[in-house]
Amino acid sequence: MFKRLEQHLESNHILAAEQFGFRKGISIENAIFTLTNNVLTELNQRHQVGGIFCDLTKAFDCVKHNILLNKLYYYGIRGKGHCSFKSYLENRKQKVSTSSHILEQENSSNWETITSGVPQGSILGPLLFIIYLNDLPGGLNQGANPVIYADDTSILLTANTNDQLKSKFHSMLAYMIEWFSANSLALNMEKTNIMKFTTNYRQSEVFQIIHQNKIVMGVNNIKFLGLELDKHVSWKNRIQKLLSKLSSACYLARRMYACCNLNTFKIIYFAYFHAIMEYGIIFWGNSVESKRIFQKRKRIIRIMTGTTARTSCRPLFRELQILTLASQYIFSLMRFLSSNLEIYKFNTSIHNINTRHKLKLHMPAVRLTIYHKSVYCNSIHIYNNLPDDLARLVSSRKHFLIQLKKYLIDNPFYSVEEFIQA
């Protein structure tokens, strides 16, 4: 059932492009990139930008079976296929039982028919849920850009003035509450946040709107899909959180040094330290604060090899076949680029002039420094500075990444600037 339903949805292009959760070939990085890139692009164009970050109460448990079946029928699941899903969802029953070992008795409620919720733990559950939310983006007005990852729903709003932005916030919140209510979902306003993005660090005015005769205060930072995001898109909070976790990893490594050989240490390193550090690195990996993360990485390399604090780590990175922070950032960026080539433009698509840069990627017009440091611009900048023999391999993704990693291990760069000057 899952494979046939997924094939039907994908072949007929039914699923909304704004839904990133539980989609084949689409990662959580794509969702975070879409939101942050839209924010930075609008700021670069001198627009006002804000976001609504929704919190749904028990979203998966509130999916009404009759509404879901109607949506499946609307999307072309009819006849025997529709009957199969009806049989899968309906006539499920549950009860609650409690037992007491002291009183040696058991109490149970009556069996009740379940009329809502997608079966948890099943492969079909997540796919049915994103079908349930699929028509949400279609009703949004121009200037509203949703980013949905399963039940994590975020709406970006853009306007020319601050007053226009507040007006859009008000109308969008009204629409979202109405849509969720019509679909038997509950928007938790206590945990739903609004945030206005800005490049002005001196601006002390608190952003707020009035909705349903209540003041809704804007926040300065939120946690978006596991990454700490602030209104300046600076990633300082993310790095601060990482430093705490990586310090614990270094402490653990020191405690285990006496009982582990190097091979065991490498397994622990990739399972713990590397896994924590790599998540979201394409977003924060070239910020000023990232130097502190690199210091932690060098510290754990010295712990693993039993060397002193004054020992150079360059040969150690090469010997252990581990990438430096800058090299890991470059590799992750190029992995993202090679998976999403369709969002980039080569110079040959801009002009037909036979120049030496015709096979390079086209860099968009940049006004703000923060946009110049974005994932999109940095990935173009790094790709355009790759050795020519590596850059030519980008269309063959697997071979490209293998050769790129080999190049970065052989050349342990300590910064992106060092890589560009090489």
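Visitor: Which residue in β7 is the bridge partner of Asn145?
Guide: In this predicted model, residues are numbered from 1 along each chain as its sequence is written, local features need pLDDT of at least 70, side-chain atom pairs count only at pLDDT 80 or more, and totals for chains, interfaces and linings use all residues. Side-chain values use heavy atoms, leaving out hydrogens and water. Strands are DSSP runs (E, at least two residues) numbered from the N terminus. Looking along β7, you find that Asn145 has as its bridge partner Leu156.

Visitor: How many bridges join β6 and β7?
Guide: Two strands pair if DSSP finds at least two bridges between them. β6 and β7 form a hairpin with two residues between them, and Ala150 in the turn has a positive phi of about 60 degrees. Their antiparallel pairing runs over six bridges.

Visitor: In what order do the four strands of the open sheet stand?
Guide: β1 pairs with β7 over six bridges and with β8 over five bridges, both in the antiparallel sense. Gln48 stands opposite Ala159 in β7, while Gly50 faces Lys196 in β8. Across the sheet, the order is β6-β7-β1-β8.

Visitor: Which strands stand at the edges?
Guide: Each edge strand has a single partner, so one of its sides is left without a neighbour in the sheet. The two in that position are β6 (144-149) and β8 (193-197).

Visitor: How many of the eight residues of β7 are buried?
Guide: Buried means under 20% relative accessible area (1.4 Å probe, protein chains only), with exposed over 50% and partly exposed in between. β7 is mostly covered. Its buried residues number seven.
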